[in-house]
Amino acid sequence: MKVVLIIAHNCIRPGAYRGFETVLDRLRKDMPGARIASTSLVDLDNDLRAILREDVESVTLLPYLLLNGQHSKGDIPAIVAAAQKDFPQIPMTLLPPLGEWDGFADMVVNGVRRANRAEAQKENQAHSNSSLFAIEMNLEGKNVLVVGGGRIALRKVKTLLPTGARITVVAPMFDPEFKTLEVPQNSFTTVTLEERPYDVLDLRSVSMVFICTDQPAVNAQVSNDARARRILVNNACDYLDGDFIVPARMDFGKNITVTVSTQGRVPSLAKKLKQKIQADWKKDLEQIEKESCEL
């Protein structure tokens with residue numbers, strides 16, 4: 001039998017092990033053929049040796065610790081090494097502490113960002129229901145950067161095509177539809193695809209940047225780099241992190257544009273409103289435009 005032994009600090013305070021016990025329960029469900037056990041730092045030596053005396057195939061040890069300090073660098077390895085010497089026939093694997101696991105930093109950053117976003121949403125709802133200032137910008141001839149090559153980035157680029165902007169899209173990989181984008185004729189618009197990771201030099205001479213990746217670390221870097229250069233930022237993954245949002249837009253006839261916004265808070269609602277307006281208003285707005293032009 002394979003054994004997974006998780007090592008935690010010893011604590012008698014009620015509720016201290018709630019998250020720890022959740023991890024144990026999930027491991028037991030995910031690894032039904034293994035024995036999932038737990039111990040404390042003070043009981044590790046006795047508990048590990050008791051396990052090794054049983055009919056076990058291997059033991060994997062996880063220090064349920066954040067910092068790679070005295071316990072994880074000195075105390076625990078010494079206990080495991082001594083036990084391994086006494087039980088050489090049983091393979092033992094000592095994992096690094098949680099704080100050194102790949103992805104742990106991203107998990108912490110995401111948790112903090114979610115907490116800040118929730119707090120900001122509460123503040124927005126408490127103080128104002130319309131804190132954004134609606135404007136229409138002239139982007140003709142201006143440099144616009146889009147970071148990301150997926151479907152979200154593709155939608156952003158499509159909305160930019162009629163503006164006459166010089167668009168640069170940077171991403172390690174691109175959705176195949178990027179290759180078939182049609183730039184409007186008689187327009188200043190250009191689209192340049194750079195198939196590589198983002199670099200801070202991409203922000204040179206840029207007026208506006210759209211962040212459209214699924215990598216929190218990359219999004220944060222682009223946002224920080226752009227802000228340091230006073231470049232307007234739209235973060236498709238976190239509207240509270242950006243300087244502006246892009247409302248849902250509808251064109252009727254030649255002269256009427258209608259936009260719908262929920263201040264970035266409920267994109268699905270904005271989409272439903274757009275569909276409703278397009279279905280119910282199209283004929284009336286086109287008729288109003290026709291009558292106005294005939295006057």
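Mentor: The element names used here are DSSP runs numbered from the N terminus, with helices (H or I) needing at least four residues and strands (E) at least two. The model is a predicted one, in which local features need pLDDT of at least 70 and side-chain atom pairs count only at pLDDT 80 or more, while totals for chains, interfaces and linings use all residues. Residues are numbered from 1 along each chain as its sequence is written, and side-chain values use heavy atoms, with hydrogens and water left out.

A word on confidence comes before the detail. The protein chain has a mean pLDDT (the predictor's confidence in each residue, from 0 to 100) of 87, and 94% of its residues reach 70 or more. Strand β5 (residues 143-147) has the highest confidence in the chain, at a mean of 98, whereas helix α4 (residues 104-127) has the lowest, at 71. Where pLDDT is low, the predicted coordinates should not be read in detail.

Four of the five residues of β5 are buried (under 20% relative accessible area, against over 50% for exposed and partly exposed in between, with a 1.4 Å probe and protein chains only), so the strand is largely enclosed by the rest of the structure. Two strands count as paired if DSSP finds at least two bridges between them. With strand β6 (residues 166-171), β5 runs parallel over five bridges, and in this pairing V147 stands opposite V170 of β6. Between these two strands the chain passes through helix α5 (residues 151-160), and the resulting β-α-β crossover is right-handed, meaning that, with the strands pointing away from the viewer, the path from the first strand over the helix to the second runs clockwise.

β5 is also joined to β8, by four bridges and again in the parallel sense, with V144 standing opposite M208. On β8, M208 and F210 point one way and V209 and I211 the other, and all of them are buried. β8 in turn pairs with β9 in the parallel sense over four bridges, where M208 stands opposite L232. From β8 the chain crosses through α6 to β9, and this β-α-β crossover, too, is right-handed.

A pair of aromatic rings is described by the distance of the centres and the angle of the planes; here rings of Phe, Tyr and Trp (its six-membered ring) pair if their centres lie within 6.5 Å, with planes under 30 degrees apart counted as stacked, over 60 as edge-to-face and the rest as tilted. By this rule the count is three pairs. One of them is the edge-to-face pair of F210 and F244, at 5.6 Å centre to centre and 85° between the planes. Since F210 belongs to β8 (residues 208-211) and F244 to the loop between β9 (232-235) and β10 (248-252), the pair ties together parts that are 34 residues apart in sequence. F210 and F244 are both buried. The edge-to-face pair of F174 and F178 lies at 5.2 Å centre to centre with 65° between the planes, and both of these residues are buried.

In the loop between β7 (190-195) and β8, S205 has phi near 65°, a positive value in a residue other than glycine; S205 is exposed, with a relative accessible area of 61%. R230, in the loop between α6 (216-228) and β9, likewise has a positive phi, near 60°, without being glycine, and at 82% relative accessibility R230 counts as exposed. V246 sits in the loop between β9 and β10 and is partly exposed, with a relative accessible area of 40%. The C-alpha atoms of V246 and A37 are 51 Å apart, with 209 residues separating the two along the chain.
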